[in-house]
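Dear colleague,

I am handing over the structure we spoke of, and it is shown just below. After it I have set out what was found, grouped by topic, so that you can follow each part in your own viewer.

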Amino acid sequence: MSSHAGPEVLRYTAFSADPEGGNPAGVVLDASGLDDAAMLAVAAELGYSESAFLTAPDGRGGHTVRYFSPKAEVPFCGHATVAAALALAERDGPGDLVFSTAAGAVPVTVVREGGELRATLTSVDPHLTDAAPGDVTEALAALDWPAADLDPALPPRIAYAGARHLVLAAATRERLADLSYDFARLEALMHRLDLTTVQLVWRESATVFHVRDPFPVGGVVEDPATGAAAAAFGAYARELGLVPGEAVLTLHQGADMGRPGTLTVGLRPGDARIRVTGTGTRIG
């Protein structure tokens, strides 16, 4: 990034070991010299759905982390968290980290499995709220999805595990694959509801789901692999009794965009927090 003198801007993809898969993120391991405008400018120039900016390392694995989309700061981003943790692990070795984010403290553990680094983030305490019927109707209108195409076994909810996501479940894989939405209309609804993405889901089996995440508020049509939404969905699935209190869920995302990735969501009994695991790799 020659136009930005000073901090080095790394590029990683998260939730895939293939540079052509998963979700790309910018990572600045030392953003202490950047103000808000400079961070937003870096994120906008990269054009990825989010970039992570690390400051104030405490020497014990702790870092303050801020996340910017090309259009705005976001409170928490899962894939950029994984990307940043992998970048630190490649520099310093695997181990335990704690990221201080606007949403709260997010522990991250990086391990090496074979020749591959894998990062597991632990979300802040999640919660669910009902989605107002009128808001669901408006979301479906923006998506051009008939209400009859929804899966009644997975009702609409707003789920939070660091950021807010409206969960809508498609009844078929074909419905999920056919995504062509009204960008401005969905963006307006998402701003009104303070949503980071809309989490579109299709359930393949008891613990396997396919997901897509429109992200107009971030200035991109779709997010290829969304760790924050995966964490929120884990809370959604558990609270609605769709899965046991102890479970490992597999979320496939990005295939319809040509950037396939896999997110592993872990639920533990007696712990409200959600764990999201993925691999990643440096781009370029």
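The largest cavity has a volume of about 60 Å³, in what is a predicted model. It is lined by 13 residues, and Glu50, Cys77, Asp223, Thr226 and Ala228 are the ones closest to its centre. Helix H2 and helix H6 (227-239) are the elements that give two or more residues to this lining. Sorted by class, the lining residues of the largest cavity comprise four nonpolar, seven polar and two charged ones. In the structure there are two cavities of 30 Å³ or more.

**Nonpolar cores**

The largest nonpolar core has 62 residues, and the members that touch the most other members are Tyr67, Phe99 and Leu251. Helix H2, which spans residues 78-92, gives the most to this core, with nine residues. Apart from this core lies another one, made up of 26 residues, among them Ala139, Leu150, Leu189 and Phe215.

**His165**

His165 belongs to strand E11, which covers residues 164-169, and it counts as buried because its relative accessible area is 0%, where the cut-off for buried is under 20%. Which backbone atoms does the side chain of His165 come up against? A polar atom of this side chain lies 3.5 Å from the backbone oxygen of Ala163, and the side chain of His165 also reaches the backbone nitrogen of Ala229 at 3.5 Å. Not counting residues up to four places away in sequence, His165 touches Arg157, Ile158, Ala159, Leu195, Thr196, Thr197, Gln199, Ala228, Ala229 and Ala232. Ala228, one of the residues that His165 touches, is also among the residues closest to the centre of the largest cavity.

Arg175 touches Asp144, Trp145, Pro146, Asp149 and Ala170, with residues up to four places away in sequence not counted.

Asp144, in turn, lies in the loop between helix H3 (133-143) and strand E10 (157-160), and with a relative accessibility of 60% it counts as exposed. The phi angle of Asp144 is near 60 degrees, which is a positive value in a residue other than glycine. Asp194 also has a positive phi, near 55 degrees, and is likewise a residue other than glycine; it is placed in the loop between H5 and strand E12 (197-203), and at 54% relative accessibility it counts as exposed.

Ser180 sits in the loop between helix H4 (173-177) and helix H5 (183-193), where it is exposed, with a relative accessible area of 57%. The C-alpha atom of Ser180 is separated by 9.6 Å from that of Trp145, although the two residues are 35 residues apart along the chain.

With best regards

Notes
Residues are numbered from 1 along each chain as its sequence is written. This is a predicted model: local features need pLDDT of at least 70, side-chain atom pairs count only at pLDDT 80 or more; totals for chains, interfaces and linings use all residues. Side-chain values use heavy atoms; hydrogens and water are left out. Helices (H or I, at least four residues) and strands (E, at least two) are DSSP runs, numbered from the N terminus. Buried means under 20% relative accessible area, exposed over 50%, partly exposed in between (1.4 Å probe, protein chains only). A polar contact is a pair of N or O atoms within 3.5 Å; within protein, one must be able to donate a hydrogen and the other to accept it, and residues adjacent in sequence count only if both atoms are side-chain atoms. Contact means heavy atoms within 4.5 Å. A nonpolar core is a set of buried Ala, Val, Leu, Ile, Met, Phe, Trp, Tyr and Cys residues joined through side-chain atoms within 4.5 Å. On a 1 Å grid over the protein atoms alone, a cavity is a set of points where a 1.4 Å probe fits but cannot get out, and a pocket is an open set with protein on both sides within 12 Å along at least five of seven lines; lining residues have an atom within 4 Å of a point. Grid points are joined across faces, edges and corners, and a volume is the space filled by probe spheres set on the points. Ala, Val, Leu, Ile, Met, Phe, Trp, Tyr, Cys and Pro count as nonpolar, Asp, Glu, Lys and Arg as charged, and the others, Gly among them, as polar.
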